[in-house]
Amino acid sequence: GRQPRRSVAMFACVAIVGPQNNPLFIQTYRSDNVVTGMQEDPIKFHYILHCSLDAFEEKASTKKSVGAKGISQGASSGDCYLGLLYPTEDYKVYGYLTSTQVKLILVTSTFNAKETTVRQVFEKLHKAYIDAISNPFYTHGTKIESLGFSKIVDQIVSATS
Amino acid sequence: NTLSSSSSSLKKKKKNSELFTLTYGALVRHLLLDLESPEEVNKQLDKMGHNIGIRLVDDFLAKTNTRRCRNFSEATKTIAETGFKMFLGVTARVSPVDDKECKIVFNENPLTDFVELPEKLQQLRYCNLLCGVIRGALEQISMKVEVDIARDPLKGDDKFELHMKLVEYVNEEYPFKDD
């Protein structure tokens, strides 16, 4: 993974994972461990992300059974946004599932994370993701290496600070 | 959800061009897989463009009721101001250098939406089809021209710039030489 970025934003980690749980994009941001005050090891976030993948399945099926509208309604944020997947000791993990089974994951380091902000960030990320995969030189299913995309993600994240 | 008519027609325009953009991207990608060398792809794009241009010009002249352009300056002005708008939805400006040379400048280009050129493909002239189209179109009205991409945002420039040079006026009666 790449070096954690300096940012005073509420997000510690942004990730995009494909339908086969293949990682497409992971970016961690500077985040100090609450107890030690030291820069958090990115590995910790990879672990958190890994654990969140199971939560996706659970959440997605619960949403369906609670009378959520079917896929034919289109990928409006209401259908895609899954909300809080699970809290860890120091972080909260939010999930967003597109109609093509692509998972967007946000790990927040502040406990004051507003749901509306999280939703908005997911929507912006979704749009940016769509533009990135529309690049004819991007091979579907592989890691997104577009510099333009990571810049946009940084912008989206730092706009929330 | 009330949008003003201008912004909603802009959105519609963007939506309509997505298939066009993606199709062109798939074409370039496919050519790269087949030919491997960016230089070969550039040549092929120019050839394909040429093929399109020789047909497109008739369509254009009919639709716009343009009187036959008598010289290079008139033709390039028409291409930039009317042609680009009509076929690409783009506002282009022509800056003449002299009566045999000019530049066509434009900021947007539906062919290159979402495109990011990888490092190893810096030799690729992604929009070369466009150059071929212009070359072919002008050939049909008796002008042999050279068209190059002088500035390209895909390579870091701030805008698109095509550089056009008139090689010669060709008499219609004589058959064109093969390139």
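Analyst: In this predicted model, the largest pocket is lined by 23 residues, and those nearest its centre are Phe137(A), Glu116(B), Leu117(B), Pro118(B) and Glu119(B). Two elements give two or more residues to this lining: helix 4 (147–158) of chain A and helix 1 (5–35) of chain B. Of the elements, helix 1 of chain B gives the most, with three residues. By residue class, the lining divides into eleven nonpolar, six polar and six charged residues. The volume of the largest pocket is about 630 Å³.

The sheet is in chain B. There, four strands form an open sheet in the order 1-2-4-3, with antiparallel pairing. Strand 1 (92–98) and strand 3 (143–151) of chain B are the edge strands, each pairing on one side only. On average, and with direction ignored, neighbouring strands of this sheet are turned by 25 degrees against each other. Strand 3 of chain B is joined to the antiparallel strand 4 (residues 160–169) of chain B by eight bridges. Within strand 4 of chain B, Met164(B) is the residue that stands opposite Val147(B).

Two helices of chain B meet these strands. Helix 3 (residues 72–88) of chain B lies across strand 1, strand 2 (101–106), strand 3 and strand 4 of chain B, and runs at about 10 degrees to strand 2 of chain B. Helix 4 (residues 128–139) of chain B also packs on the sheet, where it touches strand 2, strand 3 and strand 4 of chain B. The direction of helix 4 of chain B makes about 160 degrees with that of strand 3 of chain B.

How values were computed
Residues are numbered from 1 along each chain as its sequence is written. Chains are lettered from A and ligands numbered from 1 in the order in which they are written. This is a predicted model: local features need pLDDT of at least 70, side-chain atom pairs count only at pLDDT 80 or more; totals for chains, interfaces and linings use all residues. Side-chain values use heavy atoms; hydrogens and water are left out. On a 1 Å grid over the protein atoms alone, a cavity is a set of points where a 1.4 Å probe fits but cannot get out, and a pocket is an open set with protein on both sides within 12 Å along at least five of seven lines; lining residues have an atom within 4 Å of a point. Grid points are joined across faces, edges and corners, and a volume is the space filled by probe spheres set on the points. Ala, Val, Leu, Ile, Met, Phe, Trp, Tyr, Cys and Pro count as nonpolar, Asp, Glu, Lys and Arg as charged, and the others, Gly among them, as polar. Two strands pair if DSSP finds at least two bridges between them. Axes are lines fitted to C-alpha atoms, for helices over the stretch in contact, and angles run from 0 to 180 degrees between N-to-C directions. Contact means heavy atoms within 4.5 Å.
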